[in-house]
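Subject: Structure handover

Hi,

Here is the structure I promised to pass on. My notes on cavities, domains and the backbone follow below it.

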Amino acid sequence: MFWQKDLETISKNDLAALQAQRLAQTVAWAKAAPFYKDRLSGVDAEAIKSPEDVRRLPFTTKDDLRGAFPFGHLAVPKSQAVRLHASSGTTGTPTAVYHTKRDLQNWANLVARSLFMAGVRPGDVFQNVVGYGLFTGGLGMHYGAERLGALVIPAGTGNSRRQIALMRQFGVSVAHLIPSYALKLAATFKELGLDPKRDTKLKIMIIGAEPHTEEARQRIQRAYGVRAVNSYGLSEMNGPGVAFECAEQNGMHLWEDCFLLEVLDPESLEPKAPGEVGEIVLTTLTRRAMPLIRYRTRDLASVLPGACPCGRSHQRLSRISGRSDDMFIIKGVNVYPMQVEAVLMGFKECGDNYLIELDAAGGADQMTVRIETTENARTMSSDEFERLAGKLARALRDEILVTPRVELVAPGSLPAGPGKAERVRDQRPR
Ligand code: ADP
Ligand code: ZN
C-alpha cells in the first residue's frame, strides 16, 4: 500500500535521472538568492547531468544560514513566499526558512506519504502533541495529516491531563510526540490510574525531533501498546517528512525524489560507504523559495545496506546517533548522550528521564549521570541503591570508557518539558 506508488518504488535509474534534472533546476533557482549568487556563479546548471555532480557544488552550513539571516537565502521575490519557519535554536541563533504555496503543498504531500507509509489511514484520529508556531513539527505534521485525510486535533504541547482527556474523548488512534514527552506522558497516565493500552485507542505513535535510542522506543511501545515510528526532519529541509520509518521499523526511508542525500566523513568530507556512520548532507530538490545546496546537518547516521521488504526503493537511514555538536569530551574521550541513554534504558530500575552534568568543581573534569528510578525502586534499601549505582557506573564505563558518578533520584524530580529534552548540562569553565 503506497501513497504514491510510482515515486516510492522508483527504479535506481529513473531516480538518478529525476534527481539530476531536479538538481540542475535547483541550482538555477538558487542563483537568485543573494547567498548563492557569487558562490554558484561559476557553475553551469545545464551541465549537471547526474546526481553525483552535486559533489562539485559548495557546502552550506548552519553558520552560512545565520550569516545570511534573515533574507539572504530567499530565491524568490518576498511576495511569493507565504510562510516562514525558524529552527528551534537548540544550538544557537535561529535560522529562517521560507516556503512558496507550492513548497507547502509539496511538504504536506511528503508528510502524508510518510504517515501513510507508517500505517496511518484516512479515518484515523490524529493528535498532534508538539509545539505549533515557529517549530516545524506543529504545522508541518498538521497539514500532512490533514492532507492524508486524518481527523487532526491540533493539541499543541503542555497540560498532560488535558492531552490524555483529548485522547480518550475523541478515540485518538495516532499521536505525534517528542519521545521524551511520550515517556513523561506515560507516567501521567499511571498517576491517573489509567493504562494507555486499555484506556485509549492508540495504535501508532510518531516519535521524532530529538535523538532517542531503540531502548527508549521499546519503552514507548510497551507503555502504550503502539507501533512507535521514528520520524526525522529538520527545519532547513522543511521539517518532518524528510525520512520516516515504514511499518518494518528497520530504518528511515529518506525521500530521495525531494532530497539528495550524501553521508560524508565530517572531517575529510569524503563519502562514507553504506553501513558507515557519517554526517548527513542534504540538498533540496524541489524547494523553490529557499533551495539549499549540500546543507551540512551535523546529524550522524549511516545508510543501511540492502533493500527493504516494503518495496520502497528510497535509501534507509539508521537511527540518528546524535548530532556532532551533542558530543562532549570528558577526560579526552568523545561521548554521545545516546551512548549513555542506551546503557541506562537497559536497566529496569532506571526510569525514563536522565541528565548528564559536567563540571570541574573538584579541579578535574567530572561527569555525573543523574537518573530517575522507577516507582518499584521506592522500596529499595540504601544498600541496594548503592549497589545499583555502582553497577550503573561500571556498565557506563564499559560503554564510554570513563567512570561517571551515578546519582539515583526520585521519579519525576528531573526537569522535563514538552519540548526537546536537555540531556547534557556542561558547567565546566570555557
Ligand atoms: P534545532 O536544530 O534548533 O533543534 P529543528 O527543529 O529543525 O531545530 O531540529 C532538527 C534537528 O532535530 C535535526 O537536525 C536532528 O538533530 C534532530 N532530530 C530530528 N528528528 C530526529 C530523529 N528522529 N532522531 C534524532 N534526531 C532528530
Ligand atoms: Zn520500508
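Four cavities of 30 Å³ or more are present in the structure. A cavity here is a set of points, on a 1 Å grid over the protein atoms alone, where a 1.4 Å probe fits but cannot get out; lining residues have an atom within 4 Å of a point. Grid points are joined across faces, edges and corners, and a volume is the space filled by probe spheres set on the points.

This is a predicted model: local features need pLDDT of at least 70, side-chain atom pairs count only at pLDDT 80 or more, and totals for chains, interfaces and linings use all residues. Residues are numbered from 1 along each chain as its sequence is written, chains are lettered from A and ligands numbered from 1 in the order in which they are written, and side-chain values use heavy atoms, with hydrogens and water left out.

The second largest cavity has a volume of about 70 Å³. Its lining residues are D103, N106, L110, N238, C258, F259, T284, L285, T286 and R287. Helix 5 (residues 101-118) gives the largest share of that lining, three residues. Helices (H or I, at least four residues) and strands (E, at least two) are DSSP runs, numbered from the N terminus. By class, this lining has four nonpolar, four polar and two charged residues. Nonpolar means Ala, Val, Leu, Ile, Met, Phe, Trp, Tyr, Cys and Pro; charged means Asp, Glu, Lys and Arg; the others, Gly among them, are polar.

Now the domains. The chain is assigned domain 1 (1-325) and domain 2 (328-426), with bounds from an automatic or database domain assignment. Their centres, taken over C-alpha atoms, are 30 Å apart. Contact (heavy atoms within 4.5 Å) takes 22 residues from domain 1 and 17 residues from domain 2. About 1600 Å² is buried between the two domains, with 57% of it from carbon and sulfur atoms. Buried area is the accessible area (1.4 Å probe) that two parts lose on being put together, summed over both. T213, E215 and R219 supply 30% of the area that domain 1 buries against domain 2, more than any other three residues.

Which residue forms a salt bridge with R219? D352 does, with the closest N and O atoms 2.7 Å apart. The count between domain 1 and domain 2 is one salt bridge (a side-chain nitrogen of Lys or Arg within 4 Å of a carboxyl oxygen of Asp or Glu).

Next, the largest pocket, at about 1200 Å³. A pocket is an open set of points with protein on both sides within 12 Å along at least five of seven lines. Of its 41 lining residues, L183, A186, A187, G351 and D352 are the closest to the centre. Helix 8 gives the most to this lining, with 10 residues. The lining has 16 nonpolar, 10 polar and 15 charged residues. Both domain 1 (1-325) and domain 2 (328-426) give residues to the lining of the largest pocket, so the pocket lies between them.

Last, the backbone. Most residues other than glycine have a negative phi, and most peptide bonds are trans. The peptide bond from F69 to P70 is cis, with omega near 0°. P70 sits in the loop between helix 4 (62-67) and strand 1 (81-86). Q249 has a positive phi, near 55°. Q249 is in the loop between strand 8 (243-245) and strand 9 (252-254).

Best wishes
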